[in-house]
Amino acid sequence: MFNSLTSLFKQLIDGQDLGKNPVSSPNLAIASLLCEVAGADHAINPSEQQAKLHLLERLLGLSEEASKALLIEAEQQVKQSVSLYDFTSQLRELSQPVRFDLIKGMWEVAHADGEIDPLEDAVIRKTAELLYVDHSEFIKAKLETLDKK
């Protein structure tokens, strides 16, 4: 125990990021965020599952098989994560248009069942904040998604 405390303090003194997350790729982080919003209301219906799959194909250019495999891995990551920061911390370096598309995609997943639950809204709002997406862009993404339906 003493050795682990010593190691922890050494990492702090050296300025290392102690919040490093187990997610290893931006694609997995994106898929995990889509899973987070779908599961926010504790009810993932088939339309939300299908929306996640299509979004991964569209946003990341993956095949259907690769998207399904990524979603399975992402669902495991979501179960192990303690916060959205686990996923957003690696996505901040994405360009602003890509971050906007991700937020818009999250709105599409949330609205896939025809209704946006307040918990889904909260997850998307927090994700947008963590990704430094302006509030005006957050609202724009929501409105564009609602206008499509």
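Analyst: Among contacts (heavy atoms within 4.5 Å) in the chain between residues at least 6 apart in sequence, 72% join residues at least 24 apart. This is a predicted model, where local features need pLDDT of at least 70, side-chain atom pairs count only at pLDDT 80 or more, and totals for chains, interfaces and linings use all residues. Residues are numbered from 1 along each chain as its sequence is written, and side-chain values use heavy atoms, with hydrogens and water left out.

User: How many helices and strands are there?
Analyst: Eight helices and zero strands. Both are DSSP runs (helices H or I, at least four residues; strands E, at least two), numbered from the N terminus.

User: What share of the residues is buried?
Analyst: That's 39% of the 149 residues. Buried means under 20% relative accessible area, with a 1.4 Å probe and protein chains only.

User: OK, on to α7. Which of its residues are buried?
Analyst: E120, D121, V123, I124, T127, A128 and L130.

User: And what do those pack against?
Analyst: The buried residues of α7 pack against α2 (26-39), α3 (46-60), α5 (85-88), α6 (96-111) and α8 (135-148).

User: Why should α7 span 18 Å?
Analyst: Because it has 13 residues (118-130) at 1.5 Å a residue; the expected span is 1.5 Å times one less than the number of residues. The end C-alpha atoms of α7 are 18 Å apart, which agrees.

User: What's at the start of α7?
Analyst: There, a side-chain oxygen of D117 reaches to within 2.8 Å of the backbone nitrogen of L119.

User: And which residue with a positive phi follows α7?
Analyst: Y132, with phi near 60°.

Conventions
Buried < 20%, exposed > 50% of the residue type's maximum accessible area, 1.4 Å probe, protein only. Polar contact = N/O pair within 3.5 Å; in protein donor to acceptor, adjacent residues only side chain to side chain.
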